[in-house]
Amino acid sequence: MSKDLNRQRNIGIMAHIDAGKTTTSERILFYTGVNYKIGEVHDGSATMDWMVQEQERGITITSAATTTFWKYNNEQYKINIIDTPGHVDFTVEVERSLRVLDGAVALFCAVGGVEPQSETVWRQANKYNVPRLAFVNKMDRSGADFYMVVNEIKEKLGSNPVPLQIPIGAEEKFVGVIDLIEFKSVTWQDDAKFGSTFVTADVPAEMVAEATEWRNKMIEAVAETDDAMLEQFFEDPSSITADQIRAAVRKATIAMTIVPVMCGSAFKNKGVQSLLDAVCTFLPSPLDKGSVIGKDPNTDEEIVRNPDDKEPITALAFKIATDPYVGRLAFLRIYSGKLDAGSYLFNTRSGKKERISRLFQMHANKQNPIESCGAGDICAVVGIKDLRTGDTLCDPDKQIVLEAMTFPAPVIGVAVEPKTQADVDKMGIALGKLAEEDPTFQVKTDPDSGQCVISGMGELHLEIIVDRLRREFKVECNQGAPQVSYKEAITGTVQHREVFKKQSGGRGKFADIIVRISPADEGVTGLQFIDLVKGGNIPKEYVPSVEKGFKEALQNGVLAGYNVDSLKVELLDGSFHAVDSDALSFEICAKQAFREACPKARPILLEPIMAVEVVTPEEYMGDVIGDFNKRRGQIEGMDSKAGARVIKAKVPLSEQFGYVTVLRTITSGRATSTMEFSHYAPVPENLAKEVIAKVKGKSEVI
């Protein structure tokens with residue numbers, strides 16, 4: 001097949017947990033001829049959920065990539081699909097996939113509508129300017145309401161949803177859709193195998209008025225981006241052709257002024273083919289997304305790279321996976337140039353040249369070897385030793401750095417130790433590999449207890465990690481109780497002078513600094529360092545050492561040794577000794593100044609606060625709210641949805657361990673909850689004392 005970037009789509013499927021992402025991916029693979037049989041999530045045979053843990057739990061954990069082809073308008077389209085997880089603990093998988101995609105299909109459950117995680121992925125797609133189509137799935141379920149979902153996309157997500165189809169019937173009476181562009185009805189044959197046959201006919205007489213109203217709304221919405229069409233709409237709406245509408249919808253979708261909405265039932269095989277047609281028609285190709293902007297690593301000048309095979313090679317590594325057969329696989333999105341197996345690429349972060357030994361086109365966890373891969377494509381490579389998520393790979397002679405990805409810090413930790421001495425080294429290697437794959441997973445050794453502490457985004461995240469250690473790496477380990485990742489901050493301002501002197505035969509050590517320590521300015525994280533020294537009292541070459549000392553000191557706060565999230569340090573004055581002063585003296589002096597000054601600056605402990613949403617039947621509402629109050633929760637709001645009540649609250653993570661079990665008990669298993677990290681907030685004083693005493697008690701025991 002000749003390469004035509006106009007006929008290529010790089011798309012992701014994103015949604016809240018259980019909206020049917022993987023089921024939809026499976027149907028797409030079936031209809032495009034990649035799979036000869038349909039895999040199902042509920043019986044563990046889904047292609048895209050290839051990890052054992054995914055098949056057992058019926059959830060997606062890693063974003064799987066696959067390449068498939070679809071014939072539309074007698075032309076062959078190439079579609080790279082990434083199926084992303086819906087569970088909030090794996091939010092990094094969604095984030096890094098959206099970073100490299102050109103378009104996305106947002107799935108919504110026709111019963112659940114816009115759920116908390118739908119909002120999270122929607123915000124992530126906005127962050128990376130990803131145009132999207134909405135697909136209202138599960139139209140055959142009882143309680144399905146297409147118009148309610150369209151309204152929620154508008155109200156809750158602040159978007160402009162424009163239905164291109166409206167359903168004929170709902171729940172068990174859902175038989176088809178009305179295509180508003182062609183103004184025809186499409187009904188599926190229930191007796192046909194896999195719903196792949198459908199009948200196109202005129203709009204049923206009883207629905208003509210409703211369909212005409214929605215068609216006019218659609219034309220009006222897209223005509224706002226096309227003046228000539230708007231004029232034509234006011235003169236004679238019926239003269240607007242289907243091709244004109246398609247062109248206008250495509251333009252408005254790519255400009256992100258509208259979100260086209262379609263509907264169906266992936267599980268019943270209804271609506272998937274028209275969704276594939278819409279992906280080809282309305283979502284952008286790499287050419288529509290256009291050039292990518294980066295910087296020259298040496299001069300910081302802006303560089304533009306176009307999606308063209310003739311340009312210098314530029315690629316972004318958006319995912320690293322460990323495969324039992326081929327070793328470390330790196331997933332790359334190629335923005336410009338052509339990559340051949342056996343060629344060399346330059347990693348701008350590590351400053352090293354790496355040889356690409358083999359190239360693969362991915363199909364979930366199977367690899368098809370290919371010789372080369374061009375601009376706009378997604379592929380996997382083997383042979384790169386030092387690579388992290390978000391690294392830019394480029395031509396060694398024409399270097400460029402693309403904008404790096406930022407990832408949230410872990411909020412929960414658990415201590416692990418191998419069951420046998422023989423597993424100590426194996427566990428270290430395995431944890432190292434898992435940390436390379438997942439930037440939100442961190443491994444560190446507790447300096448006081450010597451324990452290995454693994455940290456992640458939630459209890460499920462860490463549970464899966466421990467499970468993978470056991471199955472993939474054959475390491476059995478014991479786990480401690482989950483620990484909250486607290487942070488420290490200061491609330492006051494203090495000025496402090498620190499003199500560091502050490503005399504031991506021969507040359508000594510000397511440094512003298514005066515600093516003002518205060519809370520960092522709003523929105524600043526980490527160290528905010530300002531050099532205000534006048535008249536060379538501290539030589540310029542020692543100032544970076546003072547900054548380095550404070551930066552390192554932030555890792556261990558003065559209250560209980562937790563990370564200090566942000567701090568402002570102003571270096572006011574100081575002095576040095578012509579012989580005894582050196583960079584190390586000033587670094588040690590800065591660390592001592594931090595230790596001495598922070599206790600006087602009213603230090604406080606911060607804890608992670610989670611945004612929790614519970615959907616419960618009306619009769620259990622009082623119990624759920626009462627339970628939140630016991631957990632220091634603050635109720636933020638209550639809504640009604642499909643006969644149930646939705647309670648939103650902000651609750652400290654330390655109070656939420658084992659919450660799912662308690663919720664099941666108090667609501668007889670009828671309520672569901674979702675939880676995601678919201679922000680850090682001060683711990684009440686009496687509880688802070690308990691936490692500090694516990695931490696100090698531990699180190700004394702040791």
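**View 1. Strands E9 and E10 run antiparallel, joined by 4 bridges.** Here strand E9 covers residues 184-188, and Trp-188 stands opposite Phe-198 in E10. Strands pair if DSSP finds at least two bridges between them. The strands (E, at least two residues) and helices (H or I, at least four) are DSSP runs, numbered from the N terminus. This is a predicted model, where local features need pLDDT of at least 70, side-chain atom pairs count only at pLDDT 80 or more, and totals for chains, interfaces and linings use all residues. Residues are numbered from 1 along each chain as its sequence is written, and side-chain values use heavy atoms, with hydrogens and water left out.

**View 2. Zooming out, E9 and E10 belong to an open sheet of 4 strands.** The order is E7-E8-E9-E10, with antiparallel pairing. Strands E7 (165-168) and E10 (198-201) stand at the edges with a single partner strand each, so one side of each has no neighbour in the sheet. On average, neighbouring strands of this sheet are turned by 25° against each other, direction ignored. As a reminder, strands of a sheet pair through backbone hydrogen bonds, either parallel or antiparallel.

**View 3. Helices H6 and H8 cross at roughly 55°.** H6 takes in residues 208-223 and H8 residues 242-254, and their axes come within 9 Å. Axes are lines fitted to C-alpha atoms, for helices over the stretch in contact, and angles run from 0 to 180 degrees between N-to-C directions. From the H6 side, Arg-215, Met-218, Ile-219 and Val-222 make the contact, and they meet Ile-245, Ala-248 and Val-249 of H8. Contact means heavy atoms within 4.5 Å.

**View 4. Asp-309 sits in the loop between strands E13 (302-305) and E14 (314-323).** Its side chain reaches the backbone nitrogen of Ala-375 at 2.9 Å. The C-alpha atoms of Asp-309 and Cys-373 are separated by 9.1 Å, though these two are 64 residues apart along the chain. With a relative accessible area of 31%, Asp-309 is partly exposed, that is, between buried (under 20%) and exposed (over 50%), using a 1.4 Å probe and protein chains only.

Of its 702 residues, 54% count as buried. Among contacts between residues at least 6 apart in sequence, 72% join residues at least 24 apart.

Note on methods:
A polar contact is a pair of N or O atoms within 3.5 Å; within protein, one must be able to donate a hydrogen and the other to accept it, and residues adjacent in sequence count only if both atoms are side-chain atoms.
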